[in-house]
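Look over the sequence and the 3D view before reading on.

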Amino acid sequence: MLRLERVSKFYSAGGLVSTGFSKVDLEFRIGEFVAITGESGSGKSTLLNVISGLDSYEEGEMYVGGRPTSGFSKEDLEDYRKKYIGNIFQTFNLINSYTVYQNVELVLLTSGYSKEEIPAKVDGIIEKVGLSAYAKTKASKLSGGQKQRVAIARALAKETPIIVADEPTGNLDSQSAADIIKLLSELSKDKLIIIVTHNYDQVEPYVTRKITMHDGRVAEDKQIARRSDLCSEESIQTARADGLQTGSMVRLGLRNTFNLPAKFLLLLAVFIFLCGGVIAQYTSFMNMTDMQTGGYNNFFNNTARDRIIVTRPDGNPLTEADYKTLAGLGGVKQVVQNDLMLDLMVDLTDDPENGNFYIIGSIQEGAADESRVREGRLPEKDNEVFLLIPKNGYADGVMDLAMGSKVDMQDNNSAAALLKEKLRIVGWGYMTEAEEKIVDESDVYCEAWLKLTDGALNHIRSAALEKYCSQEITFAGKIQTIGGESGGTGLIPSKEVPSGQIYVSEDLASMTSGSAYGETLKLTNKSLYFTDQYSFTVGAVYNKENLQQLLSRSDFDMVAGSLFVNEKDYAKIFDKGSFQSSVIVSDHRNAEEIAGAIEEAGYDAFCMEDGLADSSGGFIVILHTLYAVMLAGILLVLFFITYFIVKLILKSRNTYFSTIRMLGATKGNCSSLLKVELFTVFNIAFFLWLAVLGLVKSGAVRVSALQNLIGYLSAGDLVLLYAVLCLMSILLAARYARQLFKKTAMNAYKEEV
Ligand code: ADP
Ligand code: MG
């Protein structure tokens with residue numbers, strides 16, 4: 001069965017070579033009960049370890065069932081140990097946190113028995129060693145003799161043809177020791193038992209052979225009893241070695257996860273730290289890449305990335321029902337009904353010719369509240385304006401001058417007055433940091449946000465809309481463009497003109513051969529969205545002299561060339577409803593998605609972000625790459641920090657793993673068990689984080705740092721983070737298992753036990 005031919009084992013440490021044993025010739029057969037004795041240091045344990053495949057040897061050859069083993073690889077040795085060798089140690093080497101039942105079960109699991117086969121087998125074996133009453137007792141609570149019985153039960157469960165026992169009674173009182181030896185001899189008549197002992201007298205009644213070692217050599221090899229009915233070599237049954245079944249592995253892994261609560265909590269704390277670290281790093285990365293701006297657009301002043309421009313595909317104005325539909329979509333913060341204002345930049349100045357200050361600003365819909373007022377008050381009348389300005393900007397510097405003064409408001413593009421009256425600056429306040437950021441990021445220069453009354457806003461809307469229209473007139477057979485971008489002052493509403501009539505200038509009137517009175521003037525009003533035709537009858541011709549009388553105004557120089565129509569007609573021409581609306585989303589990162597939803601609802605949508613030209617010249621790309629490299633570096637650092645903490649915590653696991661290696665678990669088994677354990681703890685940690693983030697999102701818990709954090713986490717991000725963290729936890733386990741297996745089974749065992 002087992003034959004050693006001139007086998008030697010040397011240890012080399014620090015250049016010194018010492019001999020474990022040398023030139024040993026021995027042959028063992030199934031059925032033998034062999035005792036190896038000899039003084040301390042004579043090489044007994046070393047010999048036993050070589051026989052068990054726990055240690056390699058340097059010289060000679062050991063045959064197992066006729067097969068030479070000197071060429072065995074690590075895997076071959078592992079296989080040999082699994083199939084042939086059951087070990088019993090002086091120090092018992094049980095899993096203390098497992099019950100008696102679980103200790104025995106562990107062996108059957110590693111051998112590949114299924115869940116159904118195991119219980120009956122375990123119960124039978126425990127009964128054989130007389131521990132049925134203790135099946136549910138933890139190994140740590142047993143006496144020495146009982147522990148060694150468990151070790152025997154375990155060796156039996158492994159069903160190997162060979163059992164080796166190194167000083168199995170060394171830690172036991174003489175009565176327990178005698179019982180153990182008796183038990184061993186009774187239970188293993190059909191096996192080869194090799195037992196190392198100091199106390200030969202104790203084992204003498206049972207052994208069939210006595211080998212005495214001296215100074216690393218076999219000094220004596222004596223047959224004691226007749227070998228009764230030795231098995232033939234062919235009928236030797238080796239142990240089942242199918243390896244852990246997947247289900248068993250998961251169950252064992254889970255058992256290991258929770259059976260030491262303190263260790264579990266420590267690991268959980270580490271993984272909570274890891275998850276938190278990774279989530280925080282990831283979001284700060286998203287935050288950094290998000291701070292880019294670098295874009296401009298030729299058509300829109302307001303290029304905020306949370307803006308989506310919406311129109312109807314049929315070209316009609318948007319209705320109240322449309323606004324309702326848009327406002328009802330998820331993720332929509334605001335629907336700006338007449339969004340022409342968004343792109344309107346205005347100048348505020350005390351004097352358009354040579355003012356003391358020019359403040360360029362934009363008009364903001366929505367009221368400011370009292371808390372924003374730093375000086376003065378909010379606007380109450382249509383000729384009052386309130387300013388929100390950035391700290392330490394231009395406007396901040398001139399606010400002493402501007403506060404309380406009367407100002408003109410002009411379109412920044414055309415310098416056209418937007419309101420007929422002057423405005424009074426009645427109050428101001430500072431922008432919030434977030435608002436300043438929006439202003440900073442925009443490529444449009446802006447020094448203030450203007451808050452006006454709704455009445456004032458209405459006036460400006462009409463003026464702005466007029467700006468986006470152009471008019472053509474057909475008069476006396478000639479077509480002429482007026483107003484809009486052409487530079488003329490265009491149409492002016494007036495109470496003095498009767499409805500349906502139009503008052504024209506002398507210049508225009510002179511185009512007719514006869515009198516202009518009563519002639520028809522056709523007016524075409526065009527915008528991006530509509531072309532309308534109107535017919536007017538010329539009711540009067542004005543000049544410098546009769547302007548005051550006809551139209552009650554004296555600003556002939558300003559209005560010369562304009563056409564005057566009734567206020568109601570004017571409103572009919574320009575108050576066409578709103579053809580373009582803007583949807584402001586709560587989070588610009590969802591703009592694309594929401595634009596999709598808007599189109600699904602039957603509108604045309606255009607994300608402002610898509611219309612931005614990059615003005616950064618590739619710099620952003622470099623910056624983002626840098627951030628990504630940084631993120632990877634930080635993740636790596638986190639990984640290693642976690643690894644070292646996990647390693648410290650898992651030190652207690654080393655004993656466990658060296659023990660199950662003794663029992664025949666492979667490297668793969670240990671690695672998988674560890675993966676199950678770390679993966680489980682990681683999942684608990686991750687889902688704890690999810691729960692916390694969920695609570696923060698729902699508003700049940702208010703932690704501003706966390707609120708900030710989840711702003712950057714979409715479901716997709718969470719899935720990505722989960723995958724990254726899964727990978728990290730599995731890599732952690734793999735790395736730890738690899739370290740564990742750098743040592744030979746025996747060294748691991750010697751160090752840990
Ligand atoms: P025994 O079990 O008979 O007391 P061992 O087999 O433990 O003796 O030791 C035999 C010899 O091998 C001793 O001289 C011992 O110093 C040496 N030895 C055992 N293990 C090692 C080791 N890991 N490294 C170096 N020398 C060792
Ligand atoms: Mg020894």
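The buried residues of H1 are Lys44, Thr46, Leu47, Leu48, Asn49, Val50 and Ile51. H1 is mostly covered, with 7 of its 8 residues buried. Buried means under 20% relative accessible area, exposed means over 50%, and partly exposed lies in between (1.4 Å probe, protein chains only). Helices (H or I, at least four residues) and strands (E, at least two) are DSSP runs, numbered from the N terminus. Glycine 53 follows H1, and its phi is positive, near 75 degrees.

This is a predicted model, in which local features need pLDDT of at least 70 and side-chain atom pairs count only at pLDDT 80 or more, while totals for chains, interfaces and linings use all residues. Residues are numbered from 1 along each chain as its sequence is written, chains are lettered from A and ligands numbered from 1 in the order in which they are written, and side-chain values use heavy atoms, with hydrogens and water left out.

## Ligand 1

How many residues surround ligand 1? There are 13, and the closest are Gly41, Gly43, Lys44, Ser45 and Thr46. A residue is near a molecule or strand if one of its heavy atoms lies within 4 Å of it. By kind, the shell divides into 1 nonpolar, 9 polar and 3 charged residues. Here Ala, Val, Leu, Ile, Met, Phe, Trp, Tyr, Cys and Pro count as nonpolar, Asp, Glu, Lys and Arg as charged, and the others, Gly among them, as polar.

Polar contacts come next. A polar contact is a pair of N or O atoms within 3.5 Å; within protein, one must be able to donate a hydrogen and the other to accept it, and residues adjacent in sequence count only if both atoms are side-chain atoms.

| Residue | Part of the residue | Distance to an oxygen atom of ligand 1 |
|---|---|---|
| Serine 42 | polar backbone atom | 3.2 Å |
| Lysine 44 | backbone N or O atom | 2.9 Å |
| Serine 45 | side-chain N or O atom | 2.7 Å |

On its own, ligand 1 has 550 Å² of accessible area, and the protein covers 63% of that. Accessible areas come from the Shrake-Rupley method with a 1.4 Å probe; for residues, only the protein chains shown count as cover. Strand S2 (16-28) and helix H1 (44-51) are the elements that give two or more residues to the shell.

## Aromatic rings

The structure holds 15 aromatic pairs. Rings of Phe, Tyr and Trp (its six-membered ring) pair if their centres lie within 6.5 Å; planes under 30 degrees apart count as stacked, over 60 as edge-to-face and the rest as tilted.

Take tyrosine 542 and phenylalanine 556. Their ring centres are 6.3 Å apart and their planes stand at 75 degrees, so the pair is edge-to-face. This pair links distant parts of the chain: tyrosine 542 is in strand S26 (residues 531-542) and phenylalanine 556 in helix H16 (residues 556-559), 14 residues apart. Tyrosine 542 is buried, at 1% relative accessible area.

Phenylalanine 682 and phenylalanine 686 form a tilted pair, 5.9 Å centre to centre with 50 degrees between the planes. Both lie in helix H21 (residues 667-698), 4 residues apart, about one turn of the helix. Phenylalanine 682 is buried at 0% relative accessibility. Phenylalanine 686 is buried too, at 3%. Ring pairs link Phe679, Phe682, Phe686, Phe687 and Tyr722 into a cluster.

Charges also meet rings. A charge sits over a ring if NZ of Lys or CZ of Arg is within 6 Å of the ring centre and within 35 degrees of the ring normal. The charged end of arginine 3 sits over the ring of tyrosine 63, 4.5 Å from its centre. Arginine 735 lies over the face of tyrosine 643, 4.7 Å from the ring centre.

## Positive phi in the loops

Most residues other than glycine have a negative phi. Asparagine 93 has a positive phi near 60 degrees. Its place is in the loop between strand S6 (85-89) and helix H3 (100-111). Asparagine 93 is buried, at 4% relative accessibility.

Serine 552 is not a glycine, yet its phi is positive, about 55 degrees. Serine 552 lies in the loop between helix H15 (547-551) and H16. Is serine 552 buried or partly exposed? Serine 552 is partly exposed, with a relative accessible area of 44%.
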